[in-house]
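Subject: Structure handover

Hi,

Here is the structure I promised to pass on to you. Have a look at it first, and then read on for what turned up when I went through it.

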Amino acid sequence: MRLAARRQLREGTVLFHQGDPAAGFYVLLSGRVKVSQTTPEGHETLMRFIAPGELFGCVPLIGEDAYPGTARAVEPAEVLAWDAAATKTLLEKYPKLVVNVLHTIGGRLREFQVRLVEASTERVERRLARALVRLADQAGRRTDQGIRIELPITRAELAQMTGTTVYTVSRLLAEWQRSGIVATERRHLVVRRPHGLVAIAEELGRDD
């Protein structure tokens, strides 16, 4: 903690761009950060949302020279940041840090592999339902109306996560809203019937 610097981020602040020299790493204290990658053709893919308490931008801890994605605050946030000198000091003093980071990266790779399999083998309705179930699990808060996903997520970002179009995401959300499975708020979603959403994700019966 003594080696870290606290940074307050406004919504939209970019901490690092894809391809930037990997000069340090971060832990999110509050707010939300999204990490995305852009293909050579210019297509953006949303990799994951970072939740408070999570490590990100950690590739310099395993010897990588450049960040593989872009990290942007999607709401006001606070981070702890360790620069290159602090990173070097920590690695020398705590070698086990590398093992812990590899464990974190391995878990995220497994999550992304699951998404790749879903994108290539499953219907878009199921992919979107699975994405919302994951988001509800990662950033959901129970309310009287259901599970509110505490992320200011857009339809475009949902489309990036599921490998489909904004039109398809909007059509499915409208259908699920008419069925009472979800409710939409400004930049937020409420899962009104979690069992109904899980049923779509797992291709089970639609009844709660």
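Let me start with Leu-158: leaving out residues up to four places away in sequence, Leu-158 touches Leu-128, Leu-132, Leu-135, Ile-153, Val-169, Leu-173 and Leu-189. Please keep in mind that this is a predicted model.

Leu-158 also turns up in the largest nonpolar core, which has 27 residues. Together with Leu-132, Leu-135, Leu-173 and Trp-176, Leu-158 is among those with the most contacts inside that core. At least two residues of this core come from each of strand 5 (44-50), helix 3 (124-139), strand 10 (146-149), helix 4 (155-162), helix 5 (166-178), strand 12 (188-191) and helix 6 (194-201). Helix 3 gives the largest share, 6 residues. Another core, of 17 residues, lies apart from this one and includes Ala-22, Val-35, Ile-50 and Ala-81.

Next, helix 1, which spans residues 84-93. Which of its residues are buried? They are Ala-86, Thr-87 and Leu-90. Looking down the axis of helix 1, you will find the buried residues within an arc of 100 degrees, so they line one face of the helix. As a reminder, an α-helix has 3.6 residues a turn, so residues three or four places apart point the same way. Ala-85, Lys-88 and Glu-92 are exposed, and they sit on the face of helix 1 turned away from its buried side. The N-terminal end of helix 1 is capped by Asp-83, with a side-chain oxygen 3.2 Å from the backbone nitrogen of Ala-85.

In helix 2 (residues 96-121), have a look at Val-101. Val-101 has a relative accessible area of 1%, so it is buried. Beyond the residues up to four places away in sequence, Val-101 touches Leu-55, Cys-58, Leu-61 and Ile-62. Val-101 and Ile-62 are 39 residues apart along the chain, yet their C-alpha atoms are separated by 7.7 Å.

Is Arg-32 buried or exposed? Arg-32 is buried, yet has no salt bridge. The nearest side chain of opposite charge belongs to Glu-75, 4.5 Å away, whereas a salt bridge needs a nitrogen-to-oxygen distance within 4 Å. Setting aside neighbours within four places in sequence, Arg-32 has contacts that include Ile-50, Pro-52, Arg-72, Ala-73, Gln-138 and Glu-150.

Ala-73, one of those contacts of Arg-32, is found in strand 7 (residues 70-73). With 2% relative accessibility, Ala-73 counts as buried. Its contacts, neighbours within four places in sequence left aside, are Leu-9, Arg-10, Glu-11, Gly-12, Thr-13, Arg-32 and Val-33. Thr-162 is 89 residues from Ala-73 in sequence, and their C-alpha atoms are 21 Å apart in space.

What joins the side chains of Ser-36 and Glu-44? The link is a polar contact of 2.8 Å. Leaving out neighbours within four places in sequence, Ser-36 is also in contact with residues including Gln-18, Thr-45, Leu-46, Met-47, Gly-69 and Thr-70.

Terms used
Residues are numbered from 1 along each chain as its sequence is written. This is a predicted model: local features need pLDDT of at least 70, side-chain atom pairs count only at pLDDT 80 or more; totals for chains, interfaces and linings use all residues. Side-chain values use heavy atoms; hydrogens and water are left out. Buried means under 20% relative accessible area, exposed over 50%, partly exposed in between (1.4 Å probe, protein chains only). Helices (H or I, at least four residues) and strands (E, at least two) are DSSP runs, numbered from the N terminus. The arc is that of the directions from the helix axis to the C-beta atoms. A polar contact is a pair of N or O atoms within 3.5 Å; within protein, one must be able to donate a hydrogen and the other to accept it, and residues adjacent in sequence count only if both atoms are side-chain atoms. Contact means heavy atoms within 4.5 Å. Lys and Arg count as positive and Asp and Glu as negative; His and the chain ends are not counted. A nonpolar core is a set of buried Ala, Val, Leu, Ile, Met, Phe, Trp, Tyr and Cys residues joined through side-chain atoms within 4.5 Å.
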